[in-house]
Amino acid sequence: MYISDTIAAISTPVGEGGIGIIRVSGENARKIAGFIFVPHKSGGLKSHRFYYGRIINPADGTCLDEAMVVLMLAPKSYTAEDVLEIQCHGGYLVVQKILELVLRQGARLAEPGEFTKRAFLNGRLDLVQAEAVIDVIRGKTEAALALAQHQREGLLSRKIADIKEGIAESLALIESCLDFPEEDIEFAGNAEITNLVGNSLEGIDTLLRGYSEGKLLREGVSVLIAGKPNVGKSSLLNTLLKEKRSIVTSVPGTTRDIIEEVVNIKGLPVKMLDTAGIREARDEIEQEGVRLALEKIPLADLVLFVMDASRTFDSEDLLLLDAVEGKAVLVVINKCDLPVILSLPPEFSAWQTVEISTATGYGIDKLCNQIYATFFHGDAVDAREYVAVSLARQRDVLIRSADSLRTFIKNFNEGLNLELVAVDLRDALNAVGELTGETTADDILDLIFQRFCIGK
Ligand code: GDP
């Protein structure tokens, strides 16, 4: 087991709450519990049992709070070390003071993600599982969460293990040949090797194909609602928020005048950017709205070009038309409950058009389907079965591994020296090992765990 000092941190969010949890991990955890916790009923703490009692400063006997405490002895804990969790009142100061007390008894403050890093170093989780922990915490839609949970549970790891096994077996076959060079190279293993490596390559390609969808689910997409004043942009945003009843988070606008809301569209987290929050000195403000919309266009993955069916196409629409050149655009014709007088110029023929009315709700479902279809081709992702890689790091090592396997297959089929072809197989194996963390460099590990919050 990885030997380490004892770390501690507050594991609940900062601020006021019902309870606050201080987590301690390492060889001093049990000793610290003995120093600062006085159970209501006397006697030592048994592992995995909750105890009610008081947190006492051993220096002067003062009581800091009443608390529930649980000690989880190694290896049956999150980090696979001795872990102590103290549940106290969730006030900002009380949690902080108990943490300070713990630190004075022989722990040090944990770095971000250090508990999960220890779980990884102690073999409780592999690296893709550890990376998934952060996505479980941040998952904003059912599908994103399911993807993260599947990774955390090890479904992705199992697929990776299959891939790895195929490569390792092929390598073993080749190495056995290298050990007995006098034996005929046309051994029965030839076809087996091609087959094993072919299967591993297919496994990698399948995971890579899932990457773009996995990434979308994880990170979501940005959709800008653009259009001249009064076409119904804010009505559209409100309708989406209300109909979907699935606002996931309210992201404070990056500028004061941009509204950003995350809407769950068929499992895809969609950050809606609306520029219509501005309503003051009308003329100037309208100009400001257009300017803000124009600024946001490069940031959007998709622009909803909203138009008013009851008005004619005019110079303001034209302004936006020029601005969205080269972007993915969905044309949204709103107010279809009114007599339609809008006719679209030919430039619009390349884009999909959806007719809606935010007043009646007409066309809103179709619009959502279209937004979804812009990013996902085919059916809605089945969250129950979804296993994919979702991080650029994971994609990069898979690409490297696949490249090595392709080179191997080519060289092997051409009958190149076995000593040489084995190098590519080893490279492929190492790359896959980086995915799960067996061969990952320390600096990369540090980068991965720094993305976590303190206390996780
Ligand atoms: P924005 O300036 O583009 O954000 O437009 P608003 O959402 O503020 O809407 C402008 C006006 O159009 C408001 O009076 C809305 O009530 C009205 N409006 C919005 N959508 C519709 C619609 O589908 N049908 C009708 N008849 N009026 C609408």
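In strand β2, V24 is the bridge partner of A8. The model shown in these views is predicted.

**View 1. Strand β1 pairs with β2 in the antiparallel sense.** Strand β1 comprises residues 7-10 and is joined to β2 (residues 17-25) by four bridges. Six residues lie between the two strands of this hairpin, and G15 adopts a positive phi near 125°.

**View 2. Strand β1 runs parallel to β7.** Two bridges connect β1 with β7, which spans residues 108-109. Within β7, L109 is the bridge partner of A8; the partner of A8 in β2 is V24.

**View 3. Both faces of β1 are covered.** In a regular strand, side chains alternate between the two faces of the sheet. I7 and A9 lie on one side of β1, A8 and I10 lie on the other, and all four are buried.

**View 4. Strand β8 is mostly covered.** Six of the six residues of β8 (residues 221-226) are buried. V221, V223 and I225 point one way from the strand, whereas S222, L224 and A226 point the other way.

**View 5. Strand β8 pairs with β11 in the parallel sense.** Five bridges link β8 to β11, which covers residues 268-274. The bridge partner of I225 in β11 is D274. I225 is buried, as are V221 and V223, which point the same way from β8.

**View 6. Strand β8 also runs parallel to β12.** Four bridges join β8 to β12 (residues 302-308). L224 stands opposite V303 of β12. L224 is buried and points the same way from β8 as S222 and A226.

Technical notes
Residues numbered from 1 in each chain as written. Predicted model: local features only at pLDDT ≥ 70, side-chain atom pairs only at ≥ 80, totals over all residues. Heavy atoms only, no water. Buried < 20%, exposed > 50% of the residue type's maximum accessible area, 1.4 Å probe, protein only. Pairing = 2+ DSSP bridges.
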